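Good morning, everyone. Let me put the chain on the screen, and then we will walk through it piece by piece.

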Amino acid sequence: MASTLVTCIGLLSTQAEMGEVHDAALVIDGDRIAWVGRSGSAPPTDGRVDVQGRAVLPGFVDSHAHLVFAGDRAGEFAARMSGSAYSAGGIRSTVAATRSASDEALRANVSRLVHELIRSGSTTFEIKSGYGLTTQDEERSLRIAAEFTPETTYLGAHVVPPEYADNAAGYVDLVTGEMLEACAPHARWVDVFCDRGAFDADQARAILSAGIGAGLAPRVHANQLQHGPGVQVAVEVGAASADHCTHLDDRDVAALADSSTVATLLPGAEFSTRSPYPDARRLIDAGVTVALATDCNPGSSYTTSMPFCIAVAVREMRMTPAEAIRAATRGGAAALRREDIGRIEVGGRADLVVLDAPDPVHLAYRPGVDLIHQVWRSGALARKADHREP
Ligand SMILES: [Zn+2]
């Protein structure tokens, strides 16, 4: 396999032991990083790419996305921005559209969103099911998701579908029984929406422990809409991540700090529901590992842009630019329990973002501007510079 030298990197943000390196270079060999150092001391390689002083950072790790669905909810968004409240029940309209869509239509929609993700610098992304809510529709959602990523999450427990409205216990039986059995072969993770209008603590425990029994690793939608038991359940089952963490008390923060559960913050959701943001400062100061992710979904956060999430996290959640960038790279990797991504170091996967800027701070400093010059994914150029060279 050919080796490539990426050189004349103005500022390399490794998110690894080397920290930041000025006037840096690195060598890609196959799908891996083979060398990292100063431009002047690079070893010989087959090819060479000069990035002309641009900043380079690890590809973003989007550890929370719902990409298998049909239709959109632009009307609901407009109504909300005119004063209607958000509730978990809106998910049901996407469920109806998803059930009636063909496999081809669902696959084409995932492909379109994955293309957007990669263009905006995400080189690893998680995909959840959760808009099928029948055995057959959850199974096909995960089968399609697995065509795009190994980080697939079984979210049969997104909400109770309308046909089980009066029989939530029956739905939990389905999610922990026949549906789990059909979905587990296509999933790495099991997730549950433990919140108002979704599942309570006992239901969440039952769903997560059944998933663990089927070989899946747990993660939890927790404390988004109100304070509830989600974070405690997540820590109790050893979840890789508790996602949202918007409404926390001191006990929740302490439990997260004492655990290996990552707090994954999803500012796109608060942005799109005009809700108060999670208190990232409090979590970071308590020593909790924090990740940022898009929560891409058609109802409450229809963005695929990690740069957007970084900018919002800095402006609205009082994260420093360095903290937000770390949360979007190494933090996301921790939320997926991955050590080969989210950082730039020898032996790691060659996932890079080359910015049209001299410093990653520009991701928050220049909000809404597409600063992605190139994206390297597993050592291959996944997005080429598509604009005028200086
Ligand atoms: Zn979500």
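Start with the open sheet. Seven strands build it, in the order E8-E9-E10-E11-E12-E13-E14, and the pairing is parallel. Two strands sit at the edges, each pairing on one side only: strand E8 (127-128) and strand E14 (290-292). A word on terms. Strands (E, at least two residues) and helices (H or I, at least four) are DSSP runs, numbered from the N terminus. Two strands count as paired if DSSP finds at least two bridges between them. Strands of a sheet pair through backbone hydrogen bonds, either parallel or antiparallel.

Before we go on, two notes on the model. It is predicted: local features need pLDDT of at least 70, side-chain atom pairs count only at pLDDT 80 or more, and totals for chains, interfaces and linings use all residues. Residues are numbered from 1 along each chain as its sequence is written.

Strand E13 (residues 262-265) pairs with E14 over three bridges, in the parallel sense. Thr 264 stands opposite Ala 291 in E14.

Now step back to the whole chain. How many helices and strands does the protein chain have? The count is 14 helices and 17 strands. The C-alpha trace spans about 70 × 45 × 45 Å along its principal axes. The radius of gyration is 21 Å, and a compact globule of 390 residues would have a value near 21 Å, so the two agree. That radius is taken over C-alpha atoms, and the globule rule is 2.2 Å times the number of residues to the power 0.38.

Next, burial. A residue is buried if 20 or more other C-beta atoms lie within 10 Å of its own, exposed if 12 or fewer, and partly exposed in between, with C-beta atoms placed from the backbone. Of the 390 residues in the protein chain, 55% are buried. Contacts are another view. Two residues are in contact if their C-beta atoms, placed from the backbone, lie within 7 Å. Take the contacts with a separation of 6 or more: 70% of them join residues 24 or more positions apart.

On to the domains. Their bounds come from an automatic or database domain assignment. Domain 1 is 3-59 + 342-383, and domain 2 is 61-335. Their centres, taken over C-alpha atoms, are 30 Å apart. Where they touch, 20 residues of domain 1 are in contact with 20 residues of domain 2. On the domain 1 side, the elements giving two or more residues are strand E5 (55-58), helix H14 (362-365), E16 and E17. Which element gives the most to that side? E16 does, with three residues. By class, this side of domain 1 has twelve nonpolar, four polar and four charged residues. Here Ala, Val, Leu, Ile, Met, Phe, Trp, Tyr, Cys and Pro count as nonpolar, Asp, Glu, Lys and Arg as charged, and the others, Gly among them, as polar.

Stay with E16. Six of the six residues of strand E16 (residues 372-377) are buried, so the strand is largely enclosed by the rest of the structure. Strand E15 (residues 352-355) joins E16 through four bridges, running antiparallel. There, Val 354 stands opposite Gln 374. Strand E17 (residues 380-383) is also antiparallel to E16, with three bridges. Trp 376 has Leu 381 in E17 as its bridge partner. E16 and E17 form a hairpin with two residues between them, and Ser 378 in the turn has a positive phi of about 50°.

One is Cys 245, at about 50°, although it is not a glycine. Cys 245 lies in the loop between strand E12 (241-244) and H9. Is Cys 245 buried or exposed? Cys 245 is buried, because 29 other C-beta atoms lie within 10 Å. Arg 318 sits in the loop between helix H12 (306-316) and helix H13 (321-335). With 14 C-beta neighbours inside 10 Å, Arg 318 counts as partly exposed.

H12 itself has eight of its eleven residues buried, so the helix is largely enclosed by the rest of the structure. Among the buried ones are Met 306, Ile 310 and Val 314.

Last stop: helix H9 (residues 250-257), which holds Ala 254. Ala 254 is partly exposed, because 15 other C-beta atoms lie within 10 Å. Its C-alpha atom is 8.5 Å from that of Val 288, 34 residues apart along the chain. That is the tour. Thank you.
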